Amino acid sequence: MAHILVADDDVDIRELVEFKLSTLGHEVVAVADGTSAVEEARRRRPDLAVLDVMMPGMSGLEAVRIIREEPGLADLPIILLTARAQESDRETGFDSGADDYITKPFSPRELAARVETLLNR
């Protein structure tokens, strides 16, 4: 069982991701924005984070950059989850430090497979 941080401002997406990962036996902490995600990651280091790119206040991209600068969090596996599907958006996501990039709409089964892959890496 892994401790997974999920950040998405869309409550329906957040609850879907939380439900899917919880059914796999993971402990999930869900927050609604990038600032809360960074604070939660600092409070209790997760095993993996799933961050939406476009959130109010601090974006997921900004959160990734801040997390990557933190010595205790720099190697945290991060998946970006976003509606932005252009190749340039994917490049920006990976350049920010994300380990994986999933576009919405997404298959919960695919998300689960990618989470398990990163956790087993």
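Guide: Let me start with how annotations are to be read: UniProt positions are given in the numbering used here, feature names are shortened, and annotations may be inferred rather than shown by experiment. With that in mind, the UniProt record, an unreviewed entry, places the annotation "modified residue: 4-aspartylphosphate" on Asp 52. What you see is a predicted model, in which local features need pLDDT of at least 70 and side-chain atom pairs count only at pLDDT 80 or more, while totals for chains, interfaces and linings use all residues. Residues are numbered from 1 along each chain as its sequence is written, and side-chain values use heavy atoms, with hydrogens and water left out.

Visitor: Why is Asp 52 called buried?

Guide: Buried means under 20% relative accessible area, exposed means over 50%, and partly exposed lies in between (1.4 Å probe, protein chains only). Asp 52 has a relative accessible area of 3%, so it is buried. Its place is in strand E3, residues 48-52, where helices (H or I, at least four residues) and strands (E, at least two) are DSSP runs, numbered from the N terminus.

Visitor: Which residues does Asp 52 touch, not counting residues up to four places away in sequence?

Guide: Contact means heavy atoms within 4.5 Å, and with that sequence limit Asp 52 touches Ala 7, Asp 8, Asp 9, Gly 60, Leu 81, Thr 82 and Lys 104. One of these, Asp 8, is found in the loop between strand E1 (3-7) and H1, and it counts as buried because its relative accessibility is 2%.

Visitor: What makes a polar contact between the side chains of Asp 8 and Lys 104?

Guide: A polar contact is a pair of N or O atoms within 3.5 Å; within protein, one must be able to donate a hydrogen and the other to accept it, and residues adjacent in sequence count only if both atoms are side-chain atoms. The side chains of Asp 8 and Lys 104 make such a contact at 3.0 Å, and the side chain of Asp 8 also reaches the backbone nitrogen of Asp 10 at 2.8 Å.

Visitor: Which residues touch the most other members of the largest nonpolar core?

Guide: A nonpolar core is a set of buried Ala, Val, Leu, Ile, Met, Phe, Trp, Tyr and Cys residues joined through side-chain atoms within 4.5 Å. Among the 22 residues of the largest one, Leu 5, Leu 51, Ile 67, Ile 78 and Leu 80 touch the most other members. Helix H3 gives the most to this core, with four residues.

Visitor: Why are the buried residues of H5 said to be on the same side?

Guide: In H5, Leu 111, Ala 112, Val 115 and Leu 118 are buried. They cover an arc of only 130° around the axis, taken from the directions from the helix axis to the C-beta atoms, and therefore lie on the same side of H5. On the other side of H5, Arg 109, Thr 117 and Asn 120 are exposed.
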